[in-house]
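Please look through the sequence and the structure shown here before reading on.

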Amino acid sequence: MAQLFRQMTVCGVGLIGGSLALIARRAGVVGKVVGLGRSQANLDVAVEREMIDVATRDPVEAARGADLIVLAVPIMTMRATLEKMIEHAAPDAVVTDVGSVKGFVVRELEPLITGKRSLVAAHPVAGKETTGAAAADLGLFRDRRVILTPSAKSTPDAINKIEQLWSETGACVEMMDAGTHDELLARASHLPQIVSSVLAAALCGERVGERLSVEYGAGGLRDTTRLAASSWEMWRDIFITNREAIAAALKLYGATFAEFQRMMEAGDSAGLEKIFNRGKQMREQIR
């Protein structure tokens with residue numbers, strides 16, 4: 001594929017931003033790749049792994065010459081980060097992000113997009129509980145969804161370029177409005193994180209007599225609490241900026257949990273089986 005951008009600046013060279021930089025650089029769809037970060041140690045890893053050409057902790061230096069800015073920082077820091085950079089970027093720069101909340105991001109960033117610059121908000125529905133440049137993975141996005149949520153500051157050319165960029169990672173790109181995205185992800189992504197973290201918190205230090213409960217868990221406990229190892233900094237911002245949709249998802253879960261609890265207390269085996277089989281049916285639908 002021909003080069004899409006002259007200079008890609010990635011703000012936050014971690015799992016998602018680092019993986020995208022690594023893939024884009026190796027595929028030749030971007031020219032120079034600049035990495036902006038807070039930790040010099042993490043930036044050094046990104047340079048060593050050849051996912052970026054230049055590392056800097058200065059947002060102005062990172063923005064100079066960039067015709068693509070990728071915001072892979074926590075959602076609530078995106079506006080402040082872009083405010084320091086936007087006027088130093090190329091006049092035709094495209095701004096995109098990788099956040100898992102889209103309504104808040106679009107509302108925060110659109111006022112900063114002026115002139116011929118464009119905003120194309122995006123969310124790669126992929127990840128692991130590990131973080132940092134060391135966790136970046138060439139296959140992270142393959143066969144995973146990447147959702148673009150075009151808005152008033154998205155030009156057709158910018159949308160096309162961001163779609164091509166993500167297609168190069170092996171992802172399946174689709175478009176939707178930001179509100180629909182946030183409601184869907186509250187149920188399919190944000191709720192699972194909460195369930196995993198709350199389960200782990202409930203069992204933390206829990207003992208039966210002298211025995212620590214978690215020491216008797218096997219694969220099931222490891223699988224269901226895997227997400228509890230995730231970064232609080234990232235999830236704090238998601239919980240705050242998508243709280244209405246998450247609250248609705250929690251009500252859905254809470255109602256089903258309460259139904260299961262009532263049937264358990266009543267010894268209603270038939271009712272328990274119905275809920276159990278609904279859960280099994282959903283699990284079988286996951287590709």
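## The sheet and its strands

Strand β1 (residues 5-11) and strand β2 (residues 30-36) run parallel and are joined by six bridges. One example of this pairing is Gln 7, whose bridge partner in β2 is Lys 32. The model is predicted, and every description here should be read with that in mind. As a general point, the strands of a sheet pair through backbone hydrogen bonds, and this pairing may be parallel or antiparallel.

The two strands belong to an open sheet of eight strands, whose order is β3-β2-β1-β4-β5-β6-β7-β8 and whose pairing is mixed. At the edges of this sheet are β3 (54-56) and β8 (172-175), each of which pairs on one side only. From one strand to the next, the twist averages 25°.

## Around strand β5

Strand β5 pairs with β4 in the parallel sense over four bridges, and within this pairing Ile 69 has Val 95 of β5 as its bridge partner. Strand β5 is also joined to β6 by three bridges, and these two strands likewise run parallel; here the bridge partner of Thr 96 is Val 120 in β6. The chain crosses from β5 through α5 to β6, and this β-α-β crossover is right-handed. Another right-handed β-α-β unit is made by β4, α4 and β5.

Is β5 covered on one face or on both? Both faces are covered: Val 94 and Thr 96 on one side, and Val 95 and Asp 97 on the other, are all buried.

## Helix α4 against its surroundings

In helix α4 (residues 78-85), the buried residues are Met 78, Thr 81, Leu 82 and Met 85. When the helix is seen down its axis, these buried residues of α4 fall within an arc of 95°, so they line one face of the helix. The elements that cover them include the strands β1, β2, β4 (68-71) and β5 (94-97), together with the helices α3 (59-63) and α5.

## Strand β7 and the end of the sheet

Why can β7 be called largely enclosed by the rest of the structure? The reason is that four of the five residues of β7 are buried. Thr 149 lies in this strand and is buried, with a relative accessible area of 1%. Leaving aside its neighbours within four places in sequence, Thr 149 is in contact with Lys 102, Val 106, Ala 121, Met 176, Asp 177, Ala 178 and His 181.

## Glu 163 in helix α6

Glu 163 is found in helix α6 (residues 156-167), and with a relative accessible area of 29% this residue is partly exposed. Apart from its neighbours within four places in sequence, Glu 163 is in contact with Leu 148, Val 173 and Met 175. Glu 163 and Pro 124 are 39 residues apart in sequence, while their C-alpha atoms are 11 Å apart in space.

Helix α7 lies across β6 (118-124) and β7 (145-149), and runs at about 145° to β7. His 190 is a residue of α7 and is buried, with a relative accessible area of 0%. Once its neighbours within four places in sequence are left aside, the contacts of His 190 are Ser 100, Val 101, Leu 185, Trp 235, Ile 238, Asn 242 and Ile 246.

Which residues of helix α9 (residues 232-241) are buried? They are Trp 235, Asp 237, Ile 238 and Thr 241. Seen down the axis of α9, these buried residues fall within an arc of 155°, so they line one face of the helix. Among the elements covering the buried residues of α9 are α5 (103-109), α7 (178-203) and α10 (243-266). At the start of α9, a side-chain oxygen of Ser 231 comes to within 3.4 Å of the backbone nitrogen of Glu 233.

Technical notes:
Residues are numbered from 1 along each chain as its sequence is written. This is a predicted model: local features need pLDDT of at least 70, side-chain atom pairs count only at pLDDT 80 or more; totals for chains, interfaces and linings use all residues. Side-chain values use heavy atoms; hydrogens and water are left out. Buried means under 20% relative accessible area, exposed over 50%, partly exposed in between (1.4 Å probe, protein chains only). The arc is that of the directions from the helix axis to the C-beta atoms. Contact means heavy atoms within 4.5 Å. A polar contact is a pair of N or O atoms within 3.5 Å; within protein, one must be able to donate a hydrogen and the other to accept it, and residues adjacent in sequence count only if both atoms are side-chain atoms. Two strands pair if DSSP finds at least two bridges between them. Axes are lines fitted to C-alpha atoms, for helices over the stretch in contact, and angles run from 0 to 180 degrees between N-to-C directions. A crossover is right-handed if, with the strands pointing away from the viewer, the path from the first strand over the helix to the second runs clockwise.
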